[in-house]
Amino acid sequence: MGKYILKRTLNSLLTVIIVFVAVFMLLRLMPLSGYFPQDMLKETDEATRMSYLRNQGLLDHPVKQLFRFIGNLFQGDLGRSLTVYPKVPISTLLAEKIPVTAAFGFSSMLLGIVLGLSLGLLMVRFKDRWGDRLGTGYILIVRAIPNLIYLFFIQVWISLWFNLPMVFKKDLPSSWILPVICLSLGSIAWYALWLRRFMVDEENRDYVKFALVKGLPKKQVLRRHIFKNAIIPLVIYLPSDLLFIISGSLVIESLYAIPGTGGLLTTAIKSQDNNLVQVIVLMYAVLSVIGVFLGDLLVAAVDPRIKLTEEE
Amino acid sequence: MKRFIAILLAVAMVLSLSACQFLPKLEDPDTTPAATMQPEDAANAVDKILEGKTFENVYKTYFSSSYASFNYYSTAYATVREIIANCIDGLVEPNTYGVYVPSLAESWKSNEDQTVWTFKIREGLKWIDHTGKETEYAVTAQDFVDGIRYIGDPLNGAYSLRVVRNLIEGLYDYYWLLDDIDSGTVTDTTREDAVATFDEVVGVKAIDEYTVEYTLTSSAPYFLSLIESSMLMLPVEYEYAMSLGEDFAIDNEHMLYCGAYYVSAFERDKAITLTANPNYWDKENVTIETVEYQMIPDGTTSLEMFKRGETDYTSVEAEAYLSLQGTEWADNLLPTSHSFSTNYLWLDFAGENPEFNKFINNENFRKALMYSLNRESLASLREPVDPKRILRNTINAEGAIYDSNGVDYTDYSPLKEIKETDYNQPELAKQYMEAAIKELCDENGNIIGCEPTTVDYLPVCSFDVDGKLPVTICYVGTDDEAEIIMAQLFKAMIEESIGADYIDFQIQAYSGWTYGTVADPLNYDIYFDSLSTGYADPSGILTRMTTDGAENVGKYNVPEFDALIEKALAATTFEERLQYFAEAEAYLCGNGFVIPFISSLRGYYMSYSVPYTSPLTLYGNTKYKGTLVMSEPLTKAEFDVFEAAYDVERAEALKAN
């Protein structure tokens, strides 16, 4: 096991380095005009713009910039935002934004798992009957209708009917309700859909038929045998889902004015905020490899048939 | 697929334009009861309205995009200006009529040619921190000198420096000397030595503790409006700012305040609270105790929140305006008042398209383009309710610049004629086009001296031209839905007026940095942009539009215009200066070197505040000092009464100034 962990760690480190260096270098291929907002481009002459870029170190050789960034990183300095939040330390930004997004992400993930798995179980328990149809209807609505339509409906009308705030306010607990529900709608559908699919698949296995023939109650077979086996393919995503709760949702954070990380990477890329992009990409790359790694470990833990290393 | 989308868009455009004909029109202001009131009746009516009102001391409003930083010298974000306008006072400020009155300066004077301006600062004022507590730092003349010192250092990355850097004596050379030292171009002096020369070489001096004097490179009768508009003219407590380094003003706790308010709470991208400065020099006139900003990213949410009483102001887009007709809110809809930003078509005189190049340098062709536009239809896309209110034929906005007799700059001849011309004359457009063809083509429709070639406007587009009629025009816009519809309308108008036999108008929707990728490298034939009158002088825009000016994106050659600008800058009186500028602007617009067509004004609003109680900040941003906030929303009928009374009072105030 120790060997496996070491091998995976080294592979993960290599992946992170490749992703990071590639993104770092690609950013340096972007046009210099991208560092300036449209009106600033019109307002300033070429010489002033070049002076600004030089003072920011953006005209240095990319390799020099890379080593400077890595050097600062090892001293715990993530640098400062260039264009999105000029001069604001990135560590400050992330410290402000990640907790907000993580709180929403964790709440909605929890809600998604609880309600999604419950709905999936309900659909299987009442397969081809009202429970199944209800669940299928919900999944269809969530997945087929463009989300802006029902998100907007929830924000305007549900907030009005239940007298809930339309936007998030940190000190107002009721303002958490609608964003958390909106964030979890998709994952409820996802968990329900896949759990139902895997459980229906398991239901047709010989061991289930055998258990039923032996006289075990269907409810017990469903809970103790089918569910346990059907949940395994879903478990592998849990660590990644948990780690990526900090990535936020662009649409919902924007709709409810949540000051989180949703859309931060997109905005940073659009504004050519190299420092911010680099830090976020690095963070996401690390989280991705950790997520996959933990997913593997978790699957091995819940399913004794799976071995991560070959038997000696 | 592209064709399908184009057809869909065209259908949508036609439907929307047809729909415009059935829209309710705003009441003509000249026929409303308030407009026909006598001045004393209007004043009495105002008193009567106010008598029945109760007022709040908290104002709830919103912002829709991030406040990136509060560093008023280096931020590129216009939204920061509003916070700063209320938290850092300048030397002067406009009163409710737009007349400049003392702010941190108690008095001021200028020399005869208005190249030296001296301001006497109020004594005994202190900077306060984000808790409202007085600091050890006094507000002195040196703070204004240090503001210029701060922006004069390239390492501080001051934004929008051009106007101030060019205007203050010695600042341009000082800035570039430091930059040359930083880049290693100049090695015979050190940075420290160069910085030490600031007080000697730059035209801003603290004559004594409370007197600051600016020496300018040229006559600037508009200097007070520049103080209002430019954040670069604001003071800074230098010792404090330098001690913070790059952290200066990154949030509310890393800056000091000397205005009517301070930022008492700041949650990035979420909420900002302004609290009245307890030590403010003019605190008797601060009527709102707290201004609460919250982030509301879109107009629909702000409108809903206004209806629920959660915000005291909301903008209302034209579409929402129509949906509110017939509801309880219809009487509360008010038109936005003005925009000094002008939308215009920029023409490429030096691009690679030989067909367009040949024609655009022909006066008749440019006039054909000018007279083919139905500006009202174009305006309908932005303002379907009352499109006429956003029409504009001039570059500088009306209502922005007045001479000492109160005459609007755009009423100076010959600019007035341009302003009042109806350019929607398709027959004339066709005649001009035929005249251009006679001059530029042979009888077989071959454009003389123009060979078939492939035009390389990459990364925007690339296309073939055959050197024959129709003239291929490549219009480049963004991929924004509204802009694509506008481009479709341009195409329909121009091809219909001039004739598709003569013009092949191609539209390229390009996403990305339009200036850096499209305008600057001349990857277009026609493109759409905007310019804004930034302070009370036409030079702000026009001096940048000369043949070698930074704003001459299309690379035209206009010696006549350049000569008029030179004359304007050398004029001895402000009226003479405006006259030459008006002639220059009329030359540029009348000959179709640029084609202005609408202002950026759009939409409506609803509010709980009493109109005309805040300073009239024409060039700066909203100030809350003096604003009265009612406990119920303002109605249009009440607004009309306030407006009628205000118009009379303002005319008198301007006359008395």
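The C-alpha centres of domain 1 and domain 2 of chain A are 33 Å apart in this predicted model, where local features need pLDDT of at least 70, side-chain atom pairs count only at pLDDT 80 or more, and totals for chains, interfaces and linings use all residues. Residues are numbered from 1 along each chain as its sequence is written, while chains are lettered from A and ligands numbered from 1 in the order in which they are written. Domain 1 covers residues 2-90 of chain A and domain 2 covers 97-302, with bounds from an automatic or database domain assignment.

The contact between these domains takes 21 residues from domain 1 of chain A and 17 residues from domain 2 of chain A; two residues are in contact if their C-beta atoms, placed from the backbone, lie within 7 Å. On the side of domain 1 of chain A that touches domain 2 of chain A, helix H1 (residues 2-27) of chain A gives the most, nine residues. Helices (H or I, at least four residues) and strands (E, at least two) are DSSP runs, numbered from the N terminus.

Chain B contains an open sheet of five strands with mixed pairing, in the order S20-S19-S21-S16-S22; strands pair if DSSP finds at least two bridges between them. Strand S20 (503-509) and strand S22 (594-599) of chain B are at the edges and have a single partner strand each, so one side of each lacks a neighbour in the sheet. Strand S16 (residues 341-347) of chain B is joined to S22(B) by five bridges, and the two run antiparallel. Opposite Tyr344(B) stands Pro596(B) in S22(B).
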